[in-house]
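Trainee: I have a model open on my screen. Please show me how to read its features.

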Amino acid sequence: MRVGQVLETIPLFRNLSVKQLESVVSHTAMVAFDKGSVILKAGDIAASFYVIIAGHVKVYMTDENDPSREVILKTLGPGDFFGELPLLDQEPRCANVAALDRCHLQVLSYPSFQRVVEQSPDIAVRVMETLATRLRHADRKINSLALTDISTRISRTLLELAIVSNGRRVVGEPFTQKDLASMVGASREMVNRTLQDLQDGGYIKVQRKSITILDDRLAAQY
């Protein structure tokens with residue numbers, strides 16, 4: 001499949017004309033990252049904008065005194081983009097981004113992206129819409145961390161991550177229980193205990209590489 005055909009399936013570039021897509025393609029480069037690779041580091045000078053073609057990434061921050069401790073701000077998958085904030089404020093990167101599985105990314109330098117936007121202003125509108133959505137998500141996450149208990153936070157996060165497979169909602173790879181703990185702001189031990197409680201209650205089934213939501217009351221309750 002040609003790069004242009006791939007890009008036209010991405011929401012950011014959807015409905016662009018063939019000429020506009022060709023312009024985007026002429027300014028991009030495809031790069032790949034293996035699972036666990038750090039793509040961006042907080043504090044780095046920003047120079048590029050990334051669109052996810054395949055794979056998943058996590059956007060996270062670490063404790064300066066203990067780099068092994070991290071908080072996952074969000075996860076992104078095919079069709080999402082990241083690295084756009086410095087386009088607006090010319091500040092260094094404010095978070096880290098790492099590959100949760102093998103990723104293929106389309107990369108545009110900032111000057112190239114600005115030229116693309118000048119030729120296709122609709123892209124700028126889509127970027128702003130996505131930023132607004134992410135801001136609302138951040139507000140909800142702050143509210144959740146401040147005002148809800150661990151069981152509620154885990155339940156909500158499972159529902160957000162789940163995909164439908166064979167009629168069931170399933171959370172599987174590349175997300176791990178360690179990732180889940182980083183998303184809800186709790187220790188892995190606490191997450192494991194809460195998952196066990198939810199499983200004992202018949203809400204979920206925990207397997208080695210997946211968590212299946214068994215009872216739709218989990219969605220109704222949380």
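Mentor: Start with helices. Helices (H or I, at least four residues) and strands (E, at least two) are DSSP runs, numbered from the N terminus. The expected span of a helix is 1.5 Å times one less than its number of residues. This is a predicted model: local features need pLDDT of at least 70, side-chain atom pairs count only at pLDDT 80 or more, and totals for chains, interfaces and linings use all residues. Residues are numbered from 1 along each chain as its sequence is written, and side-chain values use heavy atoms, leaving out hydrogens and water.

Trainee: What span should helix H8 have?

Mentor: H8 covers residues 188–200, so its 13 residues at 1.5 Å a residue should span 18 Å. Its end C-alpha atoms are 18 Å apart, which agrees.

Trainee: Which residues of H8 are buried?

Mentor: Buried means under 20% relative accessible area, exposed over 50%, partly exposed in between (1.4 Å probe, protein chains only). In H8, Val191, Thr194, Leu195 and Leu198 are buried. They sit on the same side of H8, because their arc around the axis is only 100 degrees. That arc is taken from the directions from the helix axis to the C-beta atoms. The face turned away from the buried side carries exposed Glu189, Arg193, Asp197 and Asp200.

Trainee: Is Glu70 buried or exposed?

Mentor: Glu70 is buried, with a relative accessible area of 19%. Glu70 lies in strand S5 (residues 66–76).

Trainee: With which side chain does the side chain of Glu70 make a polar contact?

Mentor: A polar contact is a pair of N or O atoms within 3.5 Å; within protein, one must be able to donate a hydrogen and the other to accept it, and residues adjacent in sequence count only if both atoms are side-chain atoms. Here the partner is the side chain of Lys58, at 2.8 Å.
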